[in-house]
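Subject: Structure handover

Hello,

Please find the structure below, with its sequence. My notes on it follow.

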Amino acid sequence: FVHVFEPATGAVVAQADAEPGGYMHPTSVWLAGEVVSEPVVIDLSGVAPGRYRIAVGWYDPNQAGAPRLAAVDASGVRAADDRILLTDLVERP
């Protein structure tokens, strides 16, 4: 998932959910150490003007409630809410 969210409240204002490669390159076929790049376009037309944060993560849609998978940072520390925060901000004029 990719979430665009309000920094002050954490409320998700827009999101994208999809398997990599347009469902053609699922994680089950990834090789150890493989880097997978995935461009994502999120429609912000219904989002109020402001600055927003971006977070990414994974969930398991095959389990009840689609729980998020554990997300850890480069130093091995588990990320809050099991999502990785990107440093870039989105600004909606």
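Two residues are in contact when they have heavy atoms within 4.5 Å of each other. Take the contacts in the chain between residues at least 6 apart in sequence: 59% of them join residues at least 24 apart. Please keep in mind that this is a predicted model.

Overall make-up. The chain has 93 residues, and 19% of them count as buried. The chain holds 4 strands and 0 helices, so that its elements, read from the N terminus on, run β-β-β-β. The C-alpha trace spans about 40 × 30 × 30 Å along its principal axes. The accessible surface of the chain is about 6600 Å², and carbon and sulfur atoms account for 56% of that surface.

Strand pairing. β1 and β3 run antiparallel and are joined by 4 bridges. In this pair, Phe5 stands opposite Arg53 in β3. β3 also pairs with β4, again in the antiparallel sense, over 6 bridges. Here Val56 stands opposite Ile84 in β4.

The loop between β3 and β4. Asp82 lies in this loop. Is Asp82 buried or exposed? The relative accessible area of Asp82 is 12%. Buried means under 20%, so Asp82 is buried. Leaving aside neighbours within four places in sequence, Asp82 is in contact with Phe1, Gly57, Arg68, Leu69, Ala70 and Ala71.

The largest pocket. This pocket holds about 730 Å³ of space. It is lined by 27 residues, and those nearest its centre are Phe1, Ala18, Glu19, Pro20 and Trp58. By class, the lining of the largest pocket has 17 nonpolar, 5 polar and 5 charged residues.

The second largest pocket. About 160 Å³ of space lies in this one. Which residues line the second largest pocket? They are Val2, Val4, Val40, Ile42, Leu44, Ile54, Val56, Leu86 and Val90. The elements that give two or more residues to this lining are β1 (2-5), β3 (50-56) and β4 (84-92). By class, the lining of the second largest pocket has 9 nonpolar residues, no polar ones and no charged ones. Val56, which stands opposite Ile84 in the pairing described above, is one of the lining residues here.

Regards

Methods
Residues are numbered from 1 along each chain as its sequence is written. This is a predicted model: local features need pLDDT of at least 70, side-chain atom pairs count only at pLDDT 80 or more; totals for chains, interfaces and linings use all residues. Side-chain values use heavy atoms; hydrogens and water are left out. On a 1 Å grid over the protein atoms alone, a cavity is a set of points where a 1.4 Å probe fits but cannot get out, and a pocket is an open set with protein on both sides within 12 Å along at least five of seven lines; lining residues have an atom within 4 Å of a point. Grid points are joined across faces, edges and corners, and a volume is the space filled by probe spheres set on the points. Ala, Val, Leu, Ile, Met, Phe, Trp, Tyr, Cys and Pro count as nonpolar, Asp, Glu, Lys and Arg as charged, and the others, Gly among them, as polar. Two strands pair if DSSP finds at least two bridges between them. Buried means under 20% relative accessible area, exposed over 50%, partly exposed in between (1.4 Å probe, protein chains only). Accessible areas come from the Shrake-Rupley method with a 1.4 Å probe; for residues, only the protein chains shown count as cover.
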